[in-house]
Amino acid sequence: PGHRRAGSEAGAAAAAPRYEVVVIGGGHAGTEAAAAAARGGARTLLLTHRISTIGEMSCNPSFGGIGKGHLMREVDALDGLCGRVCDRSGVHYKVLNRSKGPAVWGLRAQIDRRRYRENMQKEILNTPLLTVHEASVEDLLLTEPEPDNPGKCRVTGVILGDGSTVHAGSVILTTGTFLRGMIFIGLEMHPAGRLGDQPAIGLAQTLERLGFAVGRLKTGTPPRLAKDTIDFSGLEERTADNPPVPFSFLSEAVWIKPEDQLSCYLTRTTLKAQEIIYNNLHLNNHVRETTRGPRYCPSLESKILRFPNRAHQVWLEPEGLESSVIYPQGMSMTLPPELQEQVIRSIPGLEKAKILQPGYGVQYDFLDPRQLTASLESRLVQCLFFAGQVNGTTGYEEAAAQGVIAGINACLRVHGKPPFIVSRTEGYVGVLIDDLTTLGTSEPYRMFTSRVEFRMSLRPDNADARLTHRGILSRWLLQGAALPGCRPLSHTPSVSAGFEEAGCVSQQRYEQAVKMRTALEDGIATLKSLQFSISKWSQLIPEVTISSSRRSPVSAFDVLQYPEANMELLARAIPEPLGKLAQWRKLAERLKIEAAYEWCVVNQQQEIEEVRRDEALQLPEDLDYFAIDASLSAEVREKLDSNRPQTIGAVSRIPGITPAAIVNLLRFVKTNHKMEKLKVLPQTGKYLPGKMYSKKATSQRQGLAEVSEEEPESTLVRTPL
C-alpha cells in the first residue's frame with residue numbers, strides 16, 4: 001500500500017523481498033556499483049539477465065589507456081574490483097605515453113576474456129551482503145517523494161519480468177546499451193543490447209513516462225578473426241613491458257610471468273578497403289543513421305569517410321592465452337558479412353583471415369546526465385541512481401568509475417548519510433562526473449588527460465593518497481569496530497559529523513595507504529634535510545649535471561628532480577640514510593615522481609587563480625581558432641568557431657569546453673594579443689561588472705577596482721566580480 005507502478009497503479013506484494021540497494025545490470029558499472037554498496041554495509045541485490053555474462057567484455061579485450069588508466073587507479077583506490085581482476089587476468093601489460101611525464105602515463109593491459117569473466121564472477125559471488133539473481137526488470141515501484149528533497153516521486157523497488165516485486169531503499173540503473181538496444185549488420189536490424197542478449201524495453205518506456213530526457217547514441221564492434229589464419233610474419237610486433245606494472249595498489253606483481261606475455265601486431269588499411277566501403281555505403285544502415293557515434297573510437301567506415309586516402313592503423317590483439325581469436329582494434333564496421341570479409345582480406349597479413357563473428361553496430365537510448373546530481377542520483381526520481389553507458393559514456397573504465405560512485409552513494413542514501421562527492425580537483429572520476437552532470441554530452445564521452453586541468457596533481461601514482469583515506473568505512477571510525485580478523489586502526493584521524501565517508505574501503509587497503517603516505521612524508525623530509533654544495537654533489541654523483549644557477553646548498557630532493565637522478569643513484573652516494581628508501585621499489589619510484597612535479601603542482605594552483613581572475617577578459621573578434629598555435633583539441637576548436645565567444649567567461653559556458661582548454665586559450669591570447677579595453681559607461685561613470693579597463697582611463701577610480709597582474713603591453717584594472 002502506498003506504492004505504485006510507474007505509469008499505473010499496482011499494489012506491492014506483502015511477501016516481496018526487501019534489499020537496501022538493488023542494482024540493475026551486471027556489466028562493468030553494475031558489478032562495481034553492487035560491490036561498492038555491499039562493502040559499505042548495504043544488503044544489496046544485483047539483477048542481471050544471465051549470471052554467466054557477469055564480467056563479460058562485450059567489445060575490446062583490454063582495460064586502461066591514456067586517461068582511462070587514471071580512472072582504473074582511482075577505482076582501485078576506492079577498493080573497486082576491476083584493477084585487481086585485471087592484475088589476475090592480463091596477457092599483455094603496457095604503460096602508454098612513456099615518452100612524456102608520469103602524470104599522463106596510461107596503464108593498459110590486454111585481458112584474457114575468459115579469465116576476467118571467471119575472476120570477476122568469483123569476486124561478485126563471494127562478496128558479503130551481495131546477492132545475485134537472474135531476472136529482467138520491466139518497471140519501477142514508486143511512492144510519494146520526501147518533502148525536503150527535490151524530485152516528483154521516490155523509487156522503492158523494481159518489478160521483474162515475471163511480475164514479482166523487490167523492494168529497495170535505493171535503485172541503481174546500469175543498463176549499458178540495453179535500453180531499446182538495436183543491432184545493425186548491413187541492412188539488417190534486430191532488437192538486442194548485445195549480440196545474443198535481449199534489450200530492455202519496459203525500463204526505457206518507464207523513463208520516458210517519468211519525464212526523463214532521453215537521447216540516442218550508437219557504437220560498434222569489429223569482426224573477430226581466427227588466429228591461425230593470420231600471417232604475422234610481415235607485421236610490426238609490439239611486445240609487452242618487462243616488468244609489467246600492476247593496476248592495483250594491493251598487487252606486488254601481476255599473475256603472469258613477463259616472458260609469458262603475448263605480443264600485439266600492427267597492420268594498416270589499404271585503398272582497396274576504402275574502395276569497397278565507398279562502393280557499398282548504400283548497404284550500411286548504421287553509417288547512414290544520424291545518431292551520434294563515438295568520436296574517439298569511430299567505425300572504419302566513419303574514418304574513411306572523414307579521412308579518405310589514408311592508411312588507418314589496425315591493431316591485432318589477442319583475446320586470451322589459450323584463445324584462438326584475434327580482435328582487430330580499429331576495424332569496427334557494420335557492412336554485410338560478405339563485404340566485411342572482402343575488407344579484411346584487403347589488409348596486409350589478413351589476406352587469408354577467417355571471420356569467426358562479423359562486426360556489428362548498436363544503437364541505444366541514453367539518459368541526459370544533466371538530470372543527475374554529482375552523486376549520480378536522479379533529480380527527477382529520488383533514490384534512483386544511474387551509472388555507466390546509460391549516462392552517455394563509452395568504455396569499461398568510465399563505466400566502472402561511475403559504478404563505484406553510484407554504489408557508494410546509494411548505500412549512503414539508504415543510511416541517511418551525506419553523499420560522497422569527488423570534485424574535479426581530487427580525481428579524474430570527479431572530472432568525468434562533473435563534465436557529465438554539468439555539461440551533458442551529445443556523443444559517447446571518453447576520458448582523456450586533456451579534460452583534466454589539474455593533471456600534474458592527479459596522477460596515477462598518487463590515487464591512493466588522494467582517495468583511499470576518504471573511503472575508510474565510517475562504521476570503523478565512528479564506532480571503533482574492525483572487520484573480523486582485523487585489529488582496529490590505531491592511527492585513524494578524527495572524524496567530524498560532516499566528514500564525507502565513502503564507507504567502501506577495507507582496513508587492509510587503508511592501512512597500506514597510510515603506510516605509504518607516512519613513508520613518502522618521511523622520505524621527502526629526509527631528502528630535503530640532506531644539503532650540500534653544488535661542487536660536493538658533483539663529486540658524489542658525477543652522472544648528474546646540476547645547474548650552476550641553483551642556489552647553494554642543494555638538497556637531495558632537488559637533485560632528484562633531474563632526469564638522470566634516481567633513488568638508486570642517490571643511495572649509492574649516500575648509503576645512510578637513503579639506502580632503506582631505495583630498497584622499497586614503489587616508494588623510490590614515487591619519491592622520484594614527487595620531486596619531479598613539486599614545482600608543477602605549485603604552478604597549477606596559480607593557473608587556477610589565473611582563470612578566475614581573468615575569466616571576464618574579452619577575446620579578439622578576429623581570432624581564427626583553427627589556425628592559432630594553442631593546445632586545443634579539434635572538438636574544442638569547432639565549438640569555439642561556431643559559438644564565437646566574446647569573453648573568457650563566455651567560453652567557460654560553452655558545453656564541452658574544458659577548464660584545461662580555457663587555460664590554454666587564455667595563455668595564448670595573453671601572449672599573442674593585446675587585451676581589449678572596455679570603456680566606462682557613459683554619463684554614469686560606472687564600471688561594467690567583471691570587465692577589464694585600461695589603467696590610464698580609470699586612474700580616478702583606483703579605489704573601486706583591483707589591479708590585475710601586469711600584461712606584456714599594458715596594465716589592466718578590473719572591478720571586483
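## Cysteines first

A disulfide is a pair of cysteine sulfur atoms within 2.5 Å. The model here is a predicted one, and a search through the whole structure turns up zero disulfides. Where do cysteine 153 and cysteine 383 stand, buried or exposed? Cysteine 153 has a relative accessibility of 1%, so it counts as buried. Cysteine 383 comes out at 4%, and it counts as buried too.

## Around valine 91

Next, take a look at valine 91, which sits in strand S5, residues 90-96. With a relative accessible area of 0%, valine 91 is buried. What does valine 91 touch, leaving aside its neighbours within four places in sequence? Its contacts are Gln110, Ile111, Asp112, Ile256, Gln261, Leu262, Pro318, Gly320 and Leu321.

Strands of a sheet pair through backbone hydrogen bonds, and they can do so either parallel or antiparallel. In this model, six strands make up an open sheet with antiparallel pairing, and their order is S15-S16-S17-S18-S14-S19. At the edges you'll find strand S15 (236-238) and strand S19 (355-357), each of which pairs on one side only. On average, and with direction ignored, neighbouring strands of this sheet are turned by 35° against each other.

## Helices side by side, and one tucked away

How do helix H1 (residues 28-39) and helix H10 (residues 396-414) meet? Their axes come within 7 Å and cross at roughly 30°. Angles under 35 degrees count as roughly parallel, and H1 and H10 are therefore roughly parallel to each other. Their crossing is right-handed. On the H1 side, the contact is made by His28, Ala29, Glu32, Ala33, Ala36 and Ala37. H10 brings Tyr396, Ala399, Ala400, Gly403, Val404, Gly407, Ile408 and Cys411.

Helix H2 (residues 68-77) is another one to pick out. Ten of its ten residues are buried, so H2 is largely enclosed by the rest of the structure. Among the buried residues of H2 are Lys68, Arg73, Glu74 and Asp76, along with Leu71, Met72 and Val75. Just after H2 comes aspartate 79, with a positive phi of about 70°.

Most residues other than glycine have a negative phi, and most peptide bonds are trans. With that in mind, here are a few spots to check.

Leucine 129 isn't a glycine, but it has a positive phi of about 70°. You'll find leucine 129 in the loop between helix H4 (113-125) and strand S7 (130-134), and its relative accessibility of 45% makes it partly exposed. Arginine 180, also not a glycine, has a positive phi of about 50°. This arginine lies in the loop between strand S10 (165-173) and strand S11 (182-185); at 23% relative accessibility, arginine 180 counts as partly exposed.

Then there are the cis peptide bonds. One joins serine 552 and proline 553, with omega at about 5°. Proline 553 lies in the loop between helix H15 (534-540) and strand S24 (554-555). Another cis bond goes from glutamate 576 to proline 577, and its omega is near 15°. Proline 577 is found in helix H18, residues 575-583.

Notes
Residues numbered from 1 in each chain as written. Predicted model: local features only at pLDDT ≥ 70, side-chain atom pairs only at ≥ 80, totals over all residues. Heavy atoms only, no water. Buried < 20%, exposed > 50% of the residue type's maximum accessible area, 1.4 Å probe, protein only. Helix = DSSP H or I, 4+ residues; strand = E, 2+ residues; numbered from the N terminus. Contact = heavy atoms within 4.5 Å. Pairing = 2+ DSSP bridges. Axes fitted to C-alpha atoms, helices over the stretch in contact; angles between N-to-C directions. Parallel < 35°, antiparallel > 145°, perpendicular 65-115°, else oblique. Left-handed = near helix turned anticlockwise from the far one by under 90°.
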